[in-house]
Amino acid sequence: MKGEKKLSPQPKWQAEQTSETGPDFSDVMGQENVKRALEIAAAGGHNILLIGSPGAGKSMLARRLPSILPDMTRKEALEATEIWSVAGLTDSSHPMLLHRPFRAPHHTLSASAMTGGGQTPKPGEISLAHHGVLFLDELPEFHRDVLEVLRAPIEDGEVTITRAAGSITLPSRFMLVGAMNPCRCGWYGHPSGAATAPSSRWKNTSKKSPARCSTAWTYTSTCRASSSKPCAGAKRRSPPPTSKRA
């Protein structure tokens, strides 16, 4: 500090290359249309909803999405690490988060588990996915109140948790990825004609509206075989008519 020696500038921080990497997007064979949609969503930070029959590869593609996202900056890595540290998910062997987080909670979780809470408020799934991906598999199976609590965090990028012990505000900027079947049996519109309950299609798709209305979604289909006609076992039906007042 006396000017006796010239100090060299601090080198630019880069994430360490570790062998513990997640699934790679380059492993996917085929599915060009869906891969293109995921690439566009990753480039623009858009939310995306995957709709397709069982076994089409929805979950497999979603789990490989973090591998094509940009590397975290030092600031992003520190923010994500702070949240994970408060939640007790870091240890001496992994003191810092070097890759974008991927969270895939089960559809039976509660609204408090999604946003965070407890007697001593702790981060929930939307905060643990900060600067990463929040994957909701079987989207229509989530409780409506769980989907409703996603509205404000998606719009504001943060969530405020208020309990008797105090109130805290946590960041929650994440990329939301949803996956669902086209109907309850999963085979509506499939060329195999295996659909058994096409009438439940409307009930199955009615729950996704809360999160969908909060932000722009990119819709894509992951069916292994495309067909413009519905399968032989599923007839197209209009939504149930609404009652009219006299």
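Modeller: A helix here is a DSSP run of H or I covering at least four residues, and helices are numbered from the N terminus. The model under discussion is predicted.

Colleague: What separates arginine 144 and glutamate 148 in helix α6?

Modeller: Arginine 144 and glutamate 148 are separated by about one helical turn, because they lie 4 residues apart in helix α6, which covers residues 144-148.

Colleague: Why is the pair of arginine 144 and glutamate 148 called a salt bridge?

Modeller: The closest N and O atoms of arginine 144 and glutamate 148 are 3.9 Å apart. The limit between a side-chain nitrogen of Lys or Arg and a carboxyl oxygen of Asp or Glu is 4 Å, so the pair at 3.9 Å qualifies.

Colleague: How do you know whether arginine 144 is buried, partly exposed or exposed?

Modeller: Buried requires a relative accessible area under 20% and exposed one over 50%. Arginine 144 has 43%, so it counts as partly exposed.

Colleague: What makes arginine 100 and glutamate 76 a salt bridge?

Modeller: Their side chains meet at 3.1 Å, N to O, and the cut-off is 4 Å. This pair links distant parts of the chain, 24 residues apart: arginine 100 is in the loop between α3 (74-86) and β2 (102-103), whereas glutamate 76 is in helix α3. Both arginine 100 and glutamate 76 are buried.

Colleague: Why is histidine 131 assigned to its class of accessibility?

Modeller: Histidine 131 has a relative accessible area of 15%, and buried means under 20%, so histidine 131 is buried. Histidine 131 is found in the loop between α5 (125-128) and β5 (133-137). Leaving aside neighbours within four places in sequence, histidine 131 is in contact with residues including Glu76 and Arg100.

Colleague: What makes the pairing of histidine 131 with histidine 130 a polar contact?

Modeller: The side chains of histidine 131 and histidine 130 come to 3.1 Å, and the limit is 3.5 Å. Residues adjacent in sequence count only if both atoms are side-chain atoms, and this contact is made between side chains.

Notes
Residues numbered from 1 in each chain as written. Predicted model: local features only at pLDDT ≥ 70, side-chain atom pairs only at ≥ 80, totals over all residues. Heavy atoms only, no water. Helix = DSSP H or I, 4+ residues; strand = E, 2+ residues; numbered from the N terminus. Buried < 20%, exposed > 50% of the residue type's maximum accessible area, 1.4 Å probe, protein only. Polar contact = N/O pair within 3.5 Å; in protein donor to acceptor, adjacent residues only side chain to side chain. Contact = heavy atoms within 4.5 Å.
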